[in-house]
Every structure is written in C-alpha cells, then in structure tokens.
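The following note sets out comments on the structure shown below.

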Amino acid sequence: MQLSDAPDMNRVEATLIDIVFHSPTGPWVIGCFKNDTGTFHATGTFGHCVLYEDFVLHGQRVPDVEGADFEVRQFTSTPPKSTNALPGYLAALTGAARSSTVKLVAHFGEHTIDILERSPDRMYEAEIPARDIERIHKGWLELRSNQLALAKVDIEGIPPHKLSKLQRSLGYSVDLNTAIKEDPYLIYVHFDDMLFSSAQSLAKRLGIANNTLSAVKGAVVATLRREAWLGHSYVEGKPMLEACAKLLKVPKEDITTLIRDAVVSLTMHKIIHVEDRRAQLTPLYIAEKKLISLAVEWSQFDNDGMDDIVPSEEMGVKLLKPMKLKISDSKQLAAGLRALFESRFGIVQCETLEDQITLTKAINHTLAGFGTDTVFATYTCELADELTSVLGERACVLTYAALVGLEPDTGVPIQRAESPISTDVVVLVAADALGVEEMTNIMEAMPKTGRLFMLGCPKNMPSLTVGQPFEEMVKVKDIQCFHASFWLAAPSNARTFSSKIWTEGLTPIKEFLPGEPISWLSIPREHIPNVLPELIKGVAGALKIDPLHAARVVTPSTRALEPIGDVQQWLSEGIVKSMIPDSETVKFQGRPFVKGLPIVIRQPLAGADHPAFSVYTPSDITPSTMRLESRSGFAKQISLHDRIDVFPASVMTPKFIRGRIYDFVVLIVLKEHHNLVTQELIATLLNTTKTTLVLAGEIEGLEKGFAHRLRTPARSILTQWVTLDVS
C-alpha cells in the first residue's frame with residue numbers, strides 16, 4: 001500500500017470489502033480493505049460502517065513492517081465512487097436484493113445517489129420489484145440521512161439535500177458545521193444554483209475575508225460559471241487572475257499565491273479541470289471530450305441490418321408531391337435526401353431557418369412514406385410550436401428537454417445510454433442553438449440502432465447555453481456533412497439576402513419597407529421609447545398577431561450611455577405604458593414585475609415541456625406569490641422560497657433570442673452600439689423572424705465598417721478533441 005512520508009501518521013485510500021470482526025460491545029472493527037496495491041487489514045473505531053464504502057484512513061502499521069495491520073486513528077468514509085462497487089454497497093446498506101441494486105446502478109450510473117436523494121420515485125424506471133424500491137428508499141433515508149443529524153449544521157437556508165451531497169463529497173466523518181464555517185464558499189462551489197453574492201454575504205457573516213483561500217476558490221468557480229454563461233467553456237491563467245481580483249475587489253498581488261492553491265484544491269475535488277493553463281468546469285470538460293468521441297463513433301456506423309429508408313428516384317419525387325415543387329426541384333431535393341438517409345449520422349448546413357423548415361417538411365413527407373418512427377426536436381417552445389404548425393399535429397415534435405426527459409430536480413435525463421430514446425430517427429432543427437452539454441445528452445440518449453440528423457446554420461451566434469458545437473462539428477472531416485444549398489431550388493429571397501449580408505454588407509433603405517427582409521427606420525434617440533411601442537402595434541396589427549408575444553425587441557447590449565443606463569428598462573417602460581397601461585408594478589422576491597409583461601426564466605419550471613430559458617407571462621402577482629403562464633397555457637405558482645433567475649423577455653439580448661422564431665423582430669440600435677451590430681448578429685436575427693427584421697433607432701452610418709466588425713466566437717477545446725479523435 002502507498003503511504004505518506006509523515007513519520008507519525010500515514011494516509012491510505014481504500015475500499016472496505018469485508019468486515020472480519022465487529023466487537024459486540026462497541027464500535028471497534030477489523031476490516032479488510034482493497035486499493036490499487038492490493039488488500040490489507042485495518043483496525044479502529046469505525047462505528048456503523050458499510051461494505052464497499054470508500055475510506056481515507058489515517059494511521060500507522062503496527063508493527064511497522066510490510067503485511068502488518070493498519071491501526072486507524074482518523075478516517076473519512078463516503079459512498080463508493082466506482083459504480084462497480086455501488087450495487088454491493090446499496091445491498092449491504094439497505095438489505096435490498098443484489099440483483100435489484102445491480103439493475104438500479106446499471107440504469108442510473110453515476111447519478112444513482114442523486115436519484116435516491118432528490119427523486120426516489122424515479123427508481124421505478126429501473127424495473128426492480130416494489131419491495132426493493134421501498135427497502136432502498138427507507139434504508140437510504142434511515143441509515144444515511146442520520147449522518148446529517150450528527151453534523152448539527154446550524155447555518156440557516158441550506159437545504160437538506162445539499163448538505164447530504166456535501167457530506168458525501170467531504171466524507172461522513174467530517175463535521176459539516178465546522179467545514180462550512182471555515183470555508184463558507186463550499187456550498188457555492190459544489191452547487192451552481194447559489195448566487196456568488198449570497199456566498200459573499202455568508203462569508204462576511206462568518207468573518208471570512210476576500211483575500212482567503214475560501215473566497216478565491218469561490219471566485220475561480222464564479223469566473224468559470226460567468227464565462228460559461230457567456231458561451232465560453234474555459235478561461236486561461238492570466239484572465240482568471242484578473243477576473244478573480246476584480247470580483248473580490250482585491251489587488252492581484254494579494255491572491256497570486258492563493259489562486260494557485262485554489263486551483264489545486266478545486267482540481268483535486270473534481271470541481272474544475274485544468275490542462276495547458278486552461279481551466280474548465282469539470283462537467284463541461286467531460287461533455288466536450290465525450291461529444292466529439294460520440295460524433296466520430298456515430299459517423300463510422302453503417303446501415304447493415306437497418307430498415308431501408310432510402311427511396312428510389314421515382315419514389316422520392318412522389319413522396320415530395322405534397323410540397324408542390326417543380327419536377328426538377330423535387331428530383332434535386334429527393335437526391336439530396338437519399339444521400340442523407342444513406343448515413344446513420346449527418347449534419348446539414350443551411351443558410352437560413354427557412355431552408356431548415358423546407359428540409360424538415362421534405363424529411364417528414366419522405367419518412368412518413370416508409371412508416372418510419374421519427375421525432376423532430378428543437379431547443380425552444382417557440383420553434384417547437386412553429387414546427388408543429390408546419391408539419392401538422394400528426395408529426396412528433398418535442399423540445400430538447402422533452403426529447404431526453406430532462407428532470408428538473410436532479411437534471412438527470414430519463415433518456416440516456418441505459419434507457420435510450422425510443423424512435424427510429426431523430427431530426428434536430430436549429431441544432432446550432434444547442435450547447436455542448438445538450439448536444440452530448442442527445443447523442444448519449446440515441447439508440448444505437450437509430451439515425452440522427454442535425455440541421456442548422458453554422459454562421460449563427462453561439463448557442464443559447466455553452467459553445468458552438470454545431471459549427472465545430474462541421475469542421476470535422478470524419479463527420480458526414482452536407483450543404484442544403486445543393487439540394488434546394490434556386491436561391492430564395494431569404495437565402496439570397498442572407499448571402500449578401502456576408503458578401504456585400506448592409507445596404508440602407510431610406511423608406512420604411514416592412515415587406516423587405518430588413519426594414520430601416522431612423523428614430524431620434526429621445527423619441528425611441530415612445531415610437532417603439534407604436535411601431536410594434538402597427539406592424540402587429542397589419543400581421544394580425546399579438547404584439548407582446550408574437551414580436552420581439554432586441555438590444556445588442558443591456559447598457560448605454562447615461563442618462564439611459566439600463567436599455568431594457570428604458571425600453572420596457574415605454575412598452576408597458578403604451579400596451580398594458582393599467583398594469584401595476586409589484587415587487588416579488590425583491591424585484592419589480594409587471595402583470596402581462598413577458599419574462600424569461602432560467603430554470604425548467606414545468607419540467608420537460610417547458611425547458612430552461614422558456615418565456616412566461618406573470619398573470620397574478622402579490623408580494624408573496626407570483627402566477628406564471630406559458631404560451632401553451634400551463635400555469636405555475638411561484639412562492640418566495642422558490643429560486644428563479646429572471647430576465648426581461650419584452651426586450652431581449654441576443655443570447656436569449658437564440659433558437660426562437662417570431663413573426664417579426666425589432667433591433668434597437670444606439671450610436672454606441674454600432675460596433676456590436678455584426679454580420680453574425682444580423683444573420684441570426686434574420687433566422688429568427690418570419691417576415692422582417694426592423695433596424696430602428698440611431699441607424700445613420702450603421703453600414704460603415706459593418707463587414708469588418710469581428711465576430712466573437714465561443715472559446716472551446718472541442719477542436720483539441722477533434723484532433724485527438726480524428727488522428
């Protein structure tokens with residue numbers, strides 16, 4: 001066994017595989033342990049220990065010779081990290097049949113403990129007997145939850161499930177009360193639904209300064225989460241130091257040494273991963289590495305033993321007849337689809353959302369002719385509704401969250417490798433709006449006998465979450481990639497206009513022509529808040545749509561020069577005054593809300609049918625509760641204790657518009673925002689509107705330098721894994 005060099009105390013990590021002797025009069029135990037170097041016996045006061053737990057033992061061999069028993073003075077134990085040992089551990093802990101715990105762990109894998117803690121009702125998914133479900137649930141609650149009672153944590157506001165998970169991470173012999181008081185950022189570091197400001201308040205209450213290891217660990221994680229929020233998967237060394245110093249409001253020199261120690265500690269606890277001086281949150285590192293591996297693997301699958309869904313030329317043209325295309329166009333499109341269907345996994349590059357919808361209709365008609373079980377999926381409710389209206393009620397259209405069965409409490413998808421999606425073909429529409437983790441979850445959930453096709457626009461802005469995986473995968477030579485422009489008829493008006501954005505730039509039109517893909521409307525700065533609502537109502541009236549829900553206003557930035565300051569608030573006040581003048585503003589959870597004014601909620605409040613970042617409308621607000629309604633009519637009551645992250649929806653930033661579709665979109669342009677209006681932004685917004693994109697505000701000179709404004713791609717290490725996997 002490998003021991004430390006300390007003369008008085010050695011440290012050994014091992015798994016308890018047998019209890020040789022347990023004193024009938026006390027907690028003294030002789031245990032047989034196993035690690036990478038072999039098996040050994042250890043003696044000590046272990047109390048109630050369970051087979052297959054992982055231990056960190058501190059003590060000495062007595063006598064100090066090879067093969068002697070290890071006398072334990074201190075220890076820490078946790079449930080086994082290895083999923084191979086988990087079935088035996090749960091069987092020993094709860095008395096359930098080993099066959100049942102094997103099936104449970106096989107189904108949920110590394111998420112098993114989280115399921116027991118947060119969603120025990122989901123154990124039925126593993127198809128184990130009800131009596132064993134009861135034994136496992138009861139045994140876990142009775143025999144492990146009492147560890148928290150021993151901890152006697154007296155810090156208010158920390159939910160029991162978080163304390164339980166933290167106790168498992170740190171070890172059951174660790175005094176949580178002391179640990180949290182010494183390191184108040186522990187909860188923030190281990191759980192991503194706590195605000196950094198809340199962690200700072202707790203630290204201040206406990207007397208922990210900003211120039212301490214605890215605070216710097218919190219700042220490192222906060223920086224990585226903020227960058228992930230902006231779409232980037234990693235942060236390099238120097239920017240990390242600068243960001244942490246700014247966040248903690250301390251000189252860089254004060255935390256230079258601490259940040260090294262913080263990174264080492266966070267890496268050791270697998271909160272972050274560091275490679276080549278680039279730090280990542282561990283889940284993002286795992287997702288990026290796994291995504292490319294899965295994509296390359298799927299690209300190598302063949303159609304041996306698969307149902308034939310490749311139509312002949314004549315049959316392909318007949319199946320496309322409902323689209324009422326010219327014969328030559330039908331032949332061209334059918335030929336493209338035949339090439340796609342000969343693949344098990346394919347990526348289709350499109351220039352516009354209109355092209356994606358055309359292809360989606362063609363795929364639907366063709367596969368319906370074969371009786372193929374097909375699921376069409378996209379990220380947002382808005383685009384899912386649009387696809388349903390285009391394809392008809394008989395088509396199966398799901399949001400991403402519904403496709404993988406994303407469960408709100410644990411975040412563990414129901415559909416995974418252990419329980420894949422039950423379908424023949426999955427078609428992802430607007431796949432460019434999916435981030436790295438979402439794309440990985442879908443590929444993991446695909447049945448190995450299925451087919452997966454992704455449609456998207458690689459030149460659009462980064463995804464709604466993290467990264468630009470669709471664009472990155474387009475570059476991988478081993479992944480089958482197609483160009484929709486070769487399959488479709490002569491360039492449509494939308495495709496031609498989109499192409500000109502990249503080749504010719506913007507061409508202003510003096511008149512306001514809402515029939516054009518881009519409409520130009522100059523509005524003096526001081527008149528924008530009053531003119532904007534009238535513009536929205538006028539265009540919405542002509543289109544006969546709801547101005548608050550079927551149209552969207554976008555601002556390139558949330559901040560502007562004074563006296564404007566907060567752009568979203570500045571514009572929203574005018575919208576409320578003009579469109580919902582009788583609504584009063586009510587404070588809920590410390591922030592103002594207006595009845596009838598749409599908002600974006602980061603959390604998946606209503607489960608799989610209403611994924612993260614869905615739009616809701618407050619229909620009733622009091623100081624203690626708020627009732628939210630979705631576009632589908634679903635209602636959810638929110639209390640003061642429910643954690644929700646809220647963002648304006650009536651005036652969105654570009655990040656939140658991703659993956660959605662509206663009847664028309666208005667981009668408000670201020671002089672100081674001209675450099676933010678890039679080709680990438682305009683192309684993305686053109687792919688968000690069904691009719692026109694209105695450029696309104698201080699638009700004079702917007703076209704100058706437009707083609708030379710740099711895009712801001714998401715930082716990602718996907719290309720690193722591309723190189724490794726392809727080679």
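This is a predicted model: local features need pLDDT of at least 70, side-chain atom pairs count only at pLDDT 80 or more; totals for chains, interfaces and linings use all residues.

1. On the side of domain 3 that touches domain 4, helix 17 and helix 18 (400–404) are the elements that give two or more residues. Helix 17 provides the largest share of that side, namely five residues. Sorted by class, the side of domain 3 that touches domain 4 comprises 13 nonpolar, seven polar and six charged residues.

2. The assignment divides the protein into domain 1 (10–150), domain 2 (160–275), domain 3 (285–491) and domain 4 (506–702). For domain 3 and domain 4, the C-alpha centres are 29 Å apart. Their contact draws 26 residues from domain 3 and 25 residues from domain 4.

3. The size of an interface is often expressed as the accessible area that is lost when the parts come together. Domain 3 and domain 4 bury about 2200 Å² between them, and 57% of this area is on carbon and sulfur atoms. Of the area that domain 3 buries against domain 4, Glu382, Met461 and Leu464 supply 33%, more than any other three residues.

4. Which residue forms a salt bridge with Glu382? The partner is Arg660, with the closest N and O atoms 3.1 Å apart. Glu382 belongs to helix 17 (residues 381–391), while Arg660 lies in the loop between helix 24 (654–657) and strand 25 (662–669), so the pair ties together parts that are 278 residues apart in sequence. Arg660 counts as buried, at 2% relative accessibility, and Glu382 likewise counts as buried, at 4%.

5. A further salt bridge joins the side chains of Arg658 and Asp432, at 2.7 Å from N to O. This pair also links distant parts of the chain, 226 residues apart: Arg658 is in the loop between helix 24 and strand 25, and Asp432 is in the loop between strand 12 (425–428) and helix 19 (436–445). Arg658 and Asp432 are both buried.

6. Side chains of opposite charge can pair when their charged atoms come close. The structure holds 23 salt bridges. Beyond the pairs described above, Arg226, Glu227 and Arg715 are linked in a network of salt bridges.

Technical notes
Residues are numbered from 1 along each chain as its sequence is written. Side-chain values use heavy atoms; hydrogens and water are left out. A salt bridge is a side-chain nitrogen of Lys or Arg within 4 Å of a carboxyl oxygen of Asp or Glu. Helices (H or I, at least four residues) and strands (E, at least two) are DSSP runs, numbered from the N terminus. Buried means under 20% relative accessible area, exposed over 50%, partly exposed in between (1.4 Å probe, protein chains only). Domain bounds come from an automatic or database domain assignment. Contact means heavy atoms within 4.5 Å. Buried area is the accessible area (1.4 Å probe) that two parts lose on being put together, summed over both. Ala, Val, Leu, Ile, Met, Phe, Trp, Tyr, Cys and Pro count as nonpolar, Asp, Glu, Lys and Arg as charged, and the others, Gly among them, as polar.
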